[in-house]
Amino acid sequence: MNAWNPWKSHKKRLKLFLIKPSTYDDDGYVVTHYRGVLPSNTLNCLAALTKDVVRSGQLGPDLDIRLSLMDETVQTIPVDSICRSAKRDGDQSIVCLVGVQTNQYPRAADLARSFRAAGLTVLIGGFHVSGYLSMIPEIPTDLQSLIDEGVTLVKGEVEENWGAILQDAIRGTLAPLYDSVNDKPDLFNQPIPLLDTTLMKRFVASNFGTIDCGRGCPFNCSFCTIINVQGRKMRVRSAEMIAEAIRHNWHRHRVNFYFFTDDNFARNQQWERIFDTLIQLRDTENIDVRFMMQVDVLSYKIKHFVAKARRAGCSQVFIGMESINPDSLKDAGKTQNNAEDYVNLIRAWHAAEVATHVGYILGFPHDTAESIRRDLQRLMHEIQVEQASFFILTPLPGSRDHFQMARSGDYMDPDYNKYDSSHETMTYPNFPEPGSLKRLYFEAWKTFYSFDNMKRILSRASPRNYWNILGNFMWYKNAALVEHRHPMMAGFFRLKHRRAIRPGMQAPGRLRFFKLRAAEITTYLTQVIKLLWEIQELWLQTRPRSPAEQRIVQELHGIYNSVQRRLTVAELHLAYSRAQRHLPTLSVPSRLLLYWQKWNLFHASRIVFTRRDIDQNWMRIVERVRRYRILGTLPRVMTTFWLDLQVTLMFAYAFHAAPSRKTEVGRLG
Ligand code: B12
Ligand code: SF4
């Protein structure tokens with residue numbers, strides 16, 4: 001728990017808990033990971049607003065405010081201890097469930113009930129409440145029941161009324177609903193999201209931050225909730241304030257990599273000013289700022305946008321492509337997307353050495369299994385994007401789709417927990433059999449993140465992006481195909497608590513739970529090892545090679561051509577001996593050194609093309625152990641372990657020292 005105490009005093013204490021709730025998995029367990037990937041921008045945003053309200057003195061001088069930020073996706077929320085401490089001290093406690101999306105709403109509602117039962121003040125805000133109520137003003141029964149239990153709903157953005165809401169909460173005069181959707185705040189001089197360094201330690205990259213540089217989007221897609229909550233008129237933050245925050249984060253916390261969460265950075269009227277400021281930070285202040293952002297398909301047509309993005313430090317763009325099928329794009333009102341433009345779009349970003357990542361929705365009325373498979377092949381071979389994220393079409397509350405379906409009484413799954421874009425939540429005309437679209441969805445992940453496609457992508461990737469892409473492959477494949485969760489909702493290593501289970505679902509007994517977890521963790525670890533091997537193999541086959549290796553590579557090619565397959569470590573030793581003959585006469589120590597190098601993959605792995613023989617050795621060892629032929633296995637285990645350790649360390653070292661993860665952004669134009 002991270003406590004921030006602006007005033008040391010003996011005043012009345014207010015404990016303010018900002019909690020980002022998670023969601024339940026299909027078995028009903030709360031989804032929490034040991035390490036997360038993307039920290040919550042909403043949490044940071046509300047932390048900054050709260051600090052600003054306290055500083056401005058709006059809450060009066062007589063309060064000692066303790067602010068705690070918690071993210072359930074990476075930590076267990078200590079519900080009981082929060083409730084107990086509130087009762088014990090007699091202080092005032094307010095719990096804010098923040099950034100609650102539709103798929104997190106069931107969990108948020110359960111948490112809200114637990115806190116209310118202990119008498120705490122509870123507020124819920126975020127896109128579920130804001131989206132639902134901005135399209136359908138009648139309060140639905142589930143939200144009404146929360147209001148009846150004393151929970152306050154917050155609809156819309158609170159930059160301009162957070163102080164007033166907090167004052168009401170402190171006085172005990174909270175209204176059941178606060179609504180600022182029609183009164184959208186000007187963001188220009190609003191506080192920039194504040195990083196919480198303690199919480200950041202729970203995420204894989206400690207140099208990673210988020211900022212929403214603007215909100216809203218001028219387009220009008222039917223499945224989108226953003227336009228109905230944040231509006232179609234863009235509101236933006238000041239470039240100078242963004243630069244100041246980046247400067248501060250770098251000098252104080254060494255944070256230099258950002259996700260600009262704007263839904264469409266290309267339509268942020270301040271884009272050029274922001275890029276220029278970032279370029280200046282890079283050039284004159286030597287701050288190695290890098291970022292990824294979301295843009296639309298037409299972004300490449302904006303003059304200087306792509307070139308300046310690169311110079312400003314952009315390493316990846318997320319593009320809402322959604323579909324290649326023109327009929328589907330028309331269905332979705334995504335008229336700005338012209339499938340003909342896609343190749344040019346991707347080429348433009350490739351030329352700037354910025355990696356492309358597209359969002360792709362499956363399940364539009366015109367999608368069939370065949371059309372999806374065909375489009376996927378085009379995406380991989382013709383359009384050649386580096387990464388893709390797949391989503392099942394979902395009627396998200398707040399979208400036009402949801403509104404129309406609600407009005408016409410179409411089927412929508414009543415369980416909001418499934419509204420995470422990886423479940424079927426409505427009827428899909430060409431996928432009448434339940435589960436068939438979901439199967440295709442996993443097939444899409446498997447196809448795109450197959451070894452061959454990843455190899456093709458890495459083989460043509462620029463050195464600037466190589467390691468970022470490889471790292472993302474590891475993250476995405478682990479999430480989608482090992483954890484079976486959408487990468488944007490997954491982290492590394494699931495934590496499960498027996499009792500952290502959805503109300504109405506039966507928690508298993510201790511022994512049964514222990515057995516289930518042991519089996520799950522074994523399967524998980526086996527799959528993670530396989531994944532690490534696969535990623536190492538990818539690296540060995542695709543990594544950029546130094547000119548010094550080329551001489552030996554020529555020899556390797558000779559062997560490769562003669563046997564028509566990948567080189568093993570043993571064959572590599574042979575190549576070394578052969579290569580020696582072409583080297584100038586060597587002194588005795590050099591010869592000794594070369595001999596050592598034959599068995600030392602710290603040198604040799606720089607030219608190892610595959611770890612296939614190491615993997616085969618492991619398989620043989622497992623086979624022998626299975627047949628109880630353990631005798632004589634030990635020497636094989638030791639040599640295999642030695643070789644594997646070397647390749648693994650070499651990979652880890654290369655990953656750590658990767659140039660694309662350090663300063664190199666280069667110049668263009
Ligand atoms: C960034 C982002 C993510 C990141 C989140 C991590 C991060 N770095 O923050 C990632 C990539 C992980 C992600 C994943 C997903 N996302 Co997302 N995401 C966004 C995005 C683009 C920006 C969020 C943001 O920072 N907004 C700025 C903050 C400040 O706005 P805010 O959250 O609304 O908070 C303001 C108010 O709502 C209010 N508020 C919020 N909570 C509370 C609480 C209280 C008590 C109070 C007083 C006020 C208050 O105060 C804030 C300041 O005004 C939004 C779209 C958007 N423009 O918001 C989509 C969005 C939230 N995501 C959405 C979805 C659906 C998903 C996914 C399911 C995948 C998908 N896109 O289909 C997954 C699910 C993730 C999960 N379960 O955790 C939907 C949610 C719609 C809905 N009805 O649920 C949105 C709206 C986009 C969309 N597709 O329409 N997402
Ligand atoms: S382009 Fe993206 S943000 Fe804009 S309306 Fe369409 S889906 Fe929403």
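This tour moves through a sheet, the helices packed on that sheet, and a pair of crossing helices. The model is predicted, so local features need pLDDT of at least 70 and side-chain atom pairs count only at pLDDT 80 or more, while totals for chains, interfaces and linings use all residues. Residues are numbered from 1 along each chain as its sequence is written.

**The sheet.** Select the six strands of the open sheet, ordered S8-S11-S12-S13-S14-S15 with parallel pairing; strands are DSSP runs (E, at least two residues; helices H or I, at least four), and two strands pair if DSSP finds at least two bridges between them. Strands S8 (208-211) and S15 (387-392) form the edges, each pairing on one side only. From one strand to the next, the twist averages 20°.

Next, select S13 (residues 314-322) and S14 (residues 355-362), a parallel pair with five bridges. Glutamate 322 has tyrosine 360 in S14 as its bridge partner.

**Helices on the sheet.** Display H13 (residues 342-351), which lies across S12 (290-295), S13 and S14 and runs at about 170° to S13; angles run from 0 to 180 degrees between N-to-C directions, with axes fitted to C-alpha atoms.

**The crossing helices.** Finally, select H17 (residues 451-460) and H19 (residues 510-542), whose axes come within 10 Å and cross at roughly 40°. Show Phe451, Met454, Lys455, Leu458 and Ser459 of H17, which meet Glu534, Glu537, Leu538, Gln541 and Thr542 of H19.

Key: Chains are lettered from A and ligands numbered from 1 in the order in which they are written. Side-chain values use heavy atoms; hydrogens and water are left out. Contact means heavy atoms within 4.5 Å.
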